[in-house]
Structures are given as structure tokens and as C-alpha cells.
Amino acid sequence: MKTSDFDEVFRREPASSASPYPAVSLAERLLDSMDVRAEAFAICRIARDAALVIPAISDLKIMYVLNGTMHLTVDGSEPLVAPAGSIVLLPKNLARTLAGQEPVHRTYNAQEVVHMGSHDLMYLDAFAGDAHEIRVLCGRIQIGVANDFDVFDGLVRPISARPENDLLVRSAFEAMLDESRFRTAGSRTLANTLMKACLVELLRHDLDQWHFPGSAPSILLKPGVGRAVIAILSQPSAMHTVASLAKTACMSRSAFAKAFVETTGVTPIDFLTRARLAKARDLLAATEGSIASIALAVGFASRSHFSFRFRERYDEDPSAFRKRARQEAGSASGGPPRARAADHQT
């Protein structure tokens, strides 16, 4: 085989790549576009006959059961049993209770048992002495696209699965825990990458359930809107209009505009502008390109218009942001500043 022929083999799309399931294809493309950030970690340790009550918090939480079997109750949802190796994604703003095997004889409130352990790792202990059988690694995460559009705002019930590739998932969570304990250059980037891999392992098992309201990102309940979002995120600099995006969505212009606002909370053009500005912010922090060239690259016709919209969005001009981002990168330790335990109860 010639070298050129060999090279062509690896450029060819597999015959099976065209999925007959458009919803799954859309979900995968959205997963690929998601920005996943691991913000904080804690370990919950629970006795077999105890329960740990955690109040509602306005962040997504992800849990990985390290040892034992966790019995989870979330407000408004059926009780969930998660054996060791399970991943659970918890909705925002809902209180939850983690328990051992019933019956429960002791109940602990998270506010009263949270404490810092070695290497500034938080612990929530629902046990007396050394007797605990359940260990759960908990993380506070952010998931979004176009910077502040939260894909999971429509989630009201936990998503849970025990991935087949348990060795990969367990190793990833243990590595994230180590990175949070012993932060070095690149710790945050590595933790975010590993968290996204674990999230994909969790969500890939539930794609067939994502047409039920409350059990999925709201954007997946309206595939037309999802296709438009993907079009914007994949090519933010393109000359998108409401009409062209409605055509991508296979919807009438009026129906598309209404559905888009209902799903994302903003108009299609506002979302496009945010996506462009988010891309520009990444380029300002990571490249040496001039502000004018970055403005053009993300779809703005002039530097002045770009700078105006950037200041309007981020409360500082592009030059100031770039200077600050580089100063922070130069002095960063590789992870976010330590937060008070009371601010991040998991």
C-alpha cells in the first residue's frame, strides 16, 4: 500500500458513522460542546444505620460511591439505591439525604458535621468513632455552553448509572481527588477533563430516557433548538440570522424564536453574541492575536463594536481582561482558591 493510500484510510469516515438515531447524535454533539468545571470536592462518610441530611444548594453536584451502598433521597424524587461504582448527578436547589442500609437510627445535619481534613479536603461525617461503611466522593461542578448558559437548568430528578467501564471512572475520580489535594500546574485543567469524561460515562447510559421532562437537559427536549445551538457553537463567526437558524432547526421562524427563548432564556441573537464573546474571551487569554483580529475571527465587523459588547458583557474592556487573565495565569497555583467549608457543603 502506498503512503498516500495508507493516509487516506485514516481520513475516511467509517461507513457506520451516520447514526440512524438523530437524538443520540444531537446529545453527543451537545456533550462535546459542554464546558465542564470541577469546583470543589468532599468525602461523605456514613455509618450503615445513619443518614446525612444536606440542604438545598444552588449548584449541580456529582457523586461517586467509593464504598458501600448509598441510599439517596432527593426532594420530589423516588428513593435511589446506588451501589459502589455508581455515579449520580444531582439537580440544583433540592435538599437530599444520604443514608446507609435501613432502618436509620441516627441522623446528622451537614452543617454540624462538615470539617476540614488533611490537605484542605472537606469531610462530612455521619458516624461515631471509626464505624462507617459508606464513602461517597462528592463534587460541585459547573456545566455549560457559551459560558453561562446552563445546560442542566431543566433537570429536576437525579441521573444515576453504574458505568460498565468502572475501572476508568474510579481511577478518574481518585485522580481528581489527588489533584484537589496536591495542586500543581495543570491540576485544574486535568480535573476538568477527567470530570467531563466521567460525566459522559454517566450520561451515555441515559440517552434513551432523555425525552422525559425533568430527566434531561431541557435543550434535548427540543431537538430543533439543539441543532441551532450546535450550529452557533461550531461556527460562532458565521453570518447566522434568526431565519437561517430556524431553517437549521426545521421550524418556522416564529415557532423557533419562541422555543429558543423558552429553552435557553435568551433570544437566538443574544445567544449568538454570548457565544462569540465567550470564544473571544478564550482567544484573548490563550493567544497572541490582536484584539482587532480576534474580533473579526469571532464574527464582529469592527473592533469598536466588539469592545463595546465585551465591556457590556464582562464589565471590562478586552485589553484589561487580557492583562488580568495573564497575570492570574502567571500567579495561579493550578487550582481555585480554597473556599470556606460552609460555602461549599456537598
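Student: Which residue in β7 does Leu 72 stand opposite?

Tutor: This is a predicted model: local features need pLDDT of at least 70, side-chain atom pairs count only at pLDDT 80 or more, and totals for chains, interfaces and linings use all residues. Residues are numbered from 1 along each chain as its sequence is written, and side-chain values use heavy atoms, without hydrogens or water. Strands are DSSP runs of E, at least two residues, and helices are runs of H or I, at least four, numbered from the N terminus. Strand β4 (residues 70-74) runs antiparallel to β7 (residues 96-99), joined by four bridges, and opposite Leu 72 stands Leu 98.

Student: Which strands are the edge strands of the open sheet of five?

Tutor: Strands pair if DSSP finds at least two bridges between them. The order is β5-β4-β7-β2-β8, with mixed pairing. Pairing on one side only marks the edge strands, β5 (80-82) and β8 (106-109).

Student: Why is strand β10 (residues 122-126) largely enclosed by the rest of the structure?

Tutor: Buried means under 20% relative accessible area, exposed over 50%, partly exposed in between (1.4 Å probe, protein chains only). Met 122, Leu 124 and Ala 126 are buried on one side, Tyr 123 and Asp 125 on the other. β10 is largely enclosed because its buried residues number five of five.

Student: What is the bridge partner of Ile 43 in β10?

Tutor: Strand β1 (residues 35-46) pairs with β10 in the parallel sense, over five bridges. In β10, Ile 43 has as its bridge partner Tyr 123.
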